[in-house]
Structure formats: C-alpha cells, structure tokens
Amino acid sequence: MIQKFEFEKLSLDGAYLIKPFYAPDERGGFVKDYNIDTFRANGIDHELKEVFYTISKKGVIRALHFQLVRQQPKLVRCISGHVYDVIVDLRPESPSFGQWQGFDLTGDNRLSLYIPAYFGHGYLVLEDSVVSYKCGEVFYGEGDSGIMYNDAQIGIDWPFEKIGGIENLIISDKDKCLMSLEEYKQIISEKQG
C-alpha cells in the first residue's frame, strides 16, 4: 500500500515529524523523503544546499550540534539501523527555549525530522546506523558549535540502557568539550547586546 507524505507539527514550534512517500512492491520499495513543492504546501520552506550522511557504530552519541552563524535547518532520516534522535529549541525568545523532544528513527519506520534553524540536534546510536542530513545551509566550520549531551538544565533522558549502559558510550573529543546551555545563553546575550 502506498504511503503518502504526512506532516506532524511538533510541540516545539517549526519542527515536524514526517512520514515520507513510500511505495512498496514485489521488488522492495521506493522512498521519497523530500519534495520542495510538497514541503512548501505543508508550511516548510526548506531548500537544499547540502546533503551528507553519517555512519555510526552502536553506542555513538552525536550531540547537541548547531551553527552559531549561518543557521543550518535540517531534514534528518535514519536510512538503516536505529537512532534516538533529539532536538532542542535554542531560540532565546521562544516560549519553549531549552525544551527537548526525542524520537526513535529507524531504517524500518522511515520517519524524518525537520529541524528548523536555531535548534540543537543530536542522537544516540542504538544500532549501527546510517543517517542522512538534507541541509538548508552549507556546513560553516567557523560557526560550528554545540551543547553537551548531558547538560543539566536541558535534562535529556537518553536511553543509555539500550546500549548496555553509559559506560558503553562512544563520544568524540570535540563533543566532550561542548558548551553548557548557560554558556550558550551568554553568547546569545552578548550578540544581541
């Protein structure tokens, strides 16, 4: 049975959980996870500027990334495997500032997340996985930044038990040195001041 695009607005304004177009047949199936006209018709103005993939082992955490300049809205989908994907609203004037939501993205459920500008994004890899990113801005190394995955103010409830405990966490040196939400607030305040 053909599954048409479905767009679910999330409680963090501007973010969406998306079921892509999917047409299975005796050969397997066809997935279309992005169409500029369909997205615009559903209130998402997302024009692609860069597409890339991450390949990650079970236990890897990639969090909570964003660009301080040249914001990078993203459409993220797990192509194969299973990740617990988290978004955090980092818009200072937003009523949901600092709030997070988490989602199970898998190769089987084919769900995508649309992550707007000024959001933090990360995920915990629960099975070896490939994740695609369809970005509305190119990567800008000078603006690359992030907040620690375990920031106490945000309080994300990561499912570490699904990787056999936090002792099995694989984290890059870069991600061990990310800022706190409090430090982010100070940077934003200085930019606005």
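**Note on the predicted protein chain**

1. P24 touches M1, I2 and G29, leaving out residues up to four places away in sequence. The model under discussion is a predicted one. P24 belongs to strand 3, which covers residues 21-25. With a relative accessibility of 34%, P24 counts as partly exposed.

2. The overall architecture may be stated next. The protein chain contains three helices and 11 strands. In sequence order these elements follow the pattern β-β-β-β-α-β-β-β-β-β-β-β-α-α. The radius of gyration is 17 Å, close to the 16 Å given by the globule rule for 193 residues, so the protein chain is as compact as a globular protein of that length. Along its principal axes, the C-alpha trace spans about 55 × 40 × 30 Å.

3. Burial and contacts concern the chain as a whole. Of the 193 residues in the protein chain, 49% are buried. Where contacts join residues at least 6 apart in sequence, 77% of them link residues at least 24 apart.

4. The surface and the charges deserve a separate point. The accessible surface of the protein chain comes to about 9900 Å², and carbon and sulfur atoms account for 49% of that area. The protein chain carries 21 positive and 29 negative side chains. The centres of these two sets lie 5 Å apart.

5. F103 is placed in strand 8, a strand that covers residues 100-106. The residue has a relative accessible area of 12%, under the 20% limit, and F103 is therefore buried. Apart from neighbours within four places in sequence, F103 is in contact with L10, L17, V83, Y84, D85, I87 and L113.

6. S94 is located in the loop that runs between strand 7 (74-89) and strand 8 (100-106).

7. The peptide bond from A63 to L64 is cis, and its omega is near -25°. L64 lies in strand 6, which comprises residues 61-67.

8. Which phi value does R110 adopt? Phi of R110 is near 60°, a positive value in a residue other than glycine. R110 is found in the loop between strand 8 and strand 9, the latter covering residues 112-115. Its relative accessibility is 21%, and R110 accordingly counts as partly exposed.

9. Y118 likewise calls for attention at the backbone. Y118 is not a glycine, yet it has a positive phi of about 65°. The residue is situated in the loop between strand 9 and strand 10, where strand 10 covers residues 119-135. Y118 has a relative accessible area of 43% and is partly exposed.

10. For a reader new to the structure, several places may be revisited in the model. These include the cis peptide bond from A63 to L64, the positive phi of R110 and the positive phi of Y118.

Terms used: Residues numbered from 1 in each chain as written. Predicted model: local features only at pLDDT ≥ 70, side-chain atom pairs only at ≥ 80, totals over all residues. Heavy atoms only, no water. Helix = DSSP H or I, 4+ residues; strand = E, 2+ residues; numbered from the N terminus. Rg over C-alpha atoms; globule rule 2.2 N^0.38 Å. Buried < 20%, exposed > 50% of the residue type's maximum accessible area, 1.4 Å probe, protein only. Contact = heavy atoms within 4.5 Å. Areas by Shrake-Rupley, 256 points an atom, 1.4 Å probe, with all protein chains shown as cover. Lys, Arg positive; Asp, Glu negative; His and termini not counted. Charge placed at Lys NZ, Arg CZ, Asp CG, Glu CD.
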